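Visitor: Could you walk me through this one while I look at it? I'd like to go residue by residue, then over to the sheet.

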Amino acid sequence: MHSCTCRMRVGIVLQTWCVLLLSAAAQAKDVDPGIIAESKFYVADKPDGWHLEGESVQFKEAPGRFVHALSAFSRGPKAWDFCAPKKFLGNVVRAYGGVLRFQFGFATHTGKELDHAALWGIRLRSESAGLELGAHVRFGDNEIPLLEEKWTVLKGSGKGHNPTHSQILLTLTKLSGLYIRGSYYTDSQLSWIDEVQLTVGNHNVDHLHKRVKNHLHKHVKSNTREKVGVGMVLGYTTADVRGSEKRMLTVKRIVDGGPAQTSAVIEAGDFVLEVDGVGMAEMTMQTAAEHISGDSGTTLSLAMMKPSGVRYFETLTRAAIDPELASEALDRKAKAERLRRQEERERMRAEAARRAEEEAQRRKEEELRAEQERQRIEEERIRREEEEAERKRIQEAEETEKKRKEAEELKKERDRLQREQRQRDKDAATRRALEAERRRQEEEQQGEAEKAAAEKLAEKEQRERGKDAAGTLTAHRQDAGERGEGGQVGKKGEERTAEEARGVEEDRNEL
């Protein structure tokens, strides 16, 4: 009865997946073969099925060149998102290897910009798989490939790391949400998106569907058979991982003779992160045991992590273990394996010590080079200071010499001016002496002229007196003539009178 129920359950699951695959194929016929879904917002008030998620946010038409984009306005730093419609969701596994294109920006914004690197601009969510992946966006055109290395696990196993191949396929197979963040400023912002497009990848879609189908079918089918494990005793513990306390599925003990004992790297205390691509952190112990156990002879892919944080992968083959016979049958092999593992650990410790020694030597050489560089810099500084001091000394000497020459030139100029002044004073004294001599000579000449004039004046007066006497004599002569006496004497008296008159005229002209 139990076997029939399990077979019916397997059949229902397979039938459901066939319906999903057929519906996805039918949907693909109605669109461009290279495009799974797209939205172009030619009118702002028709969001093409998009909606907003968050507080204090509403659709609002953007101004200017953003009028044909899908825009929304919000106040405050609280996060909100543009949420994609159903045509972008569901089974979009054929987008693996394709790209998610869109344009994003701000028409207006106020306040300080939030730390862009710490915010996930776009998120893919799969509620049924318990997974959420995130990636960063930039302002302007975005083209994000749908590949493992371009995304980060935000929820689920391996949080903070790139998703595994199975995780990204599960997310795309059951995609329940596609969110584009719209808030990046502390006060207000009018954000917009446009030309959102999800394209088909270059992978074989049937192969991807088969991988997802086989991954789920393997876990369903394992419930119908006798299950065996890999020889690890497991339990959930709380461990410090990268500075935070997390619930981890931990290897408590390795069972002798089990498949896990043949591994060279799995040890007690290691953490089990994933089993066949499914994260273990969020599961119960029973669910984790169901994922690890399975049919004898089947393989199990484990993603493990050392307490130091080093991640590694290991593949084991499930096998039945008889606890009573395992120790005797595998005692020699276990001892040899333990010895080999011990030697491997010793080799790894020696390698670690060698690397530590090389690192120490490298650091010592770097310190020596740094010290030499500091000495070179110090010597260069001292040399520059000495050159600067020598330059200043030469400059001061040149300035001193210049001042000395200027003083000498000034002294020469002063001496020249003094000589010229003395010469001018001497010339002035000479001119004054000559002027005095000229004046003296003029005064002497004037005195002599005055003396000569006085003498002439005296002679004139004397002649005048002579004339008066001559007049008197003439008068006497006339009287005598009248009396008839001495006619010749009268003629001589007239000649003398005429001569005296000429002398008086010459004296007047000289004066």
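Visitor: Leaving aside neighbours within four places in sequence, what is Gly-201 in contact with?

Guide: Gly-201 is in contact with Arg-94, Ala-95, Tyr-96, Gly-97 and Gly-98, where contact means heavy atoms within 4.5 Å. Please keep in mind that this is a predicted model, in which local features need pLDDT of at least 70 and side-chain atom pairs count only at pLDDT 80 or more, while totals for chains, interfaces and linings use all residues. Residues are numbered from 1 along each chain as its sequence is written, and side-chain values use heavy atoms, with hydrogens and water left out.

Visitor: Where is Gly-201 found, and is it buried or exposed?

Guide: Gly-201 is in the loop between β12 (188–199) and α3 (205–221); helices (H or I, at least four residues) and strands (E, at least two) are DSSP runs, numbered from the N terminus. Gly-201 counts as buried because its relative accessibility is 13%, buried being under 20% relative accessible area, exposed over 50% and partly exposed in between, with a 1.4 Å probe and protein chains only.

Visitor: How far apart are Gly-201 and Ile-35 in space?

Guide: They are 9.5 Å apart, C-alpha to C-alpha, although 166 residues separate Gly-201 and Ile-35 in sequence.

Visitor: Switching to Ser-293, what does its side chain reach?

Guide: The Ser-293 side chain reaches the backbone oxygen of Ala-289 at 2.8 Å. Ser-293 lies in the loop between α4 (285–292) and β17 (299–305), and, not counting residues up to four places away in sequence, Ser-293 touches Lys-227, Val-228 and Arg-318.

Visitor: Now the open sheet, in what order do its six strands come?

Guide: The order is β2-β5-β11-β7-β8-β10, with antiparallel pairing, and two strands pair if DSSP finds at least two bridges between them. β2 (51–54) and β10 (152–155) are at the edges and have a single partner strand each, so one side of each lacks a neighbour in the sheet.

Visitor: How many bridges join β7 and β11?

Guide: Four bridges link β7 (residues 122–126) to β11 (residues 177–181) in the antiparallel sense, and Gly-177 in β11 is the bridge partner of Arg-125.

Visitor: Which strands does α2 lie across?

Guide: Helix α2 (residues 165–173) lies across β7, β8 (131–135) and β10, at about 100° to β8; axes are lines fitted to C-alpha atoms, for helices over the stretch in contact, and angles run from 0 to 180 degrees between N-to-C directions. Seven of the nine residues of α2 are buried, including Ile-168, Leu-169 and Leu-172.

Definitions and conventions
Polar contact = N/O pair within 3.5 Å; in protein donor to acceptor, adjacent residues only side chain to side chain.
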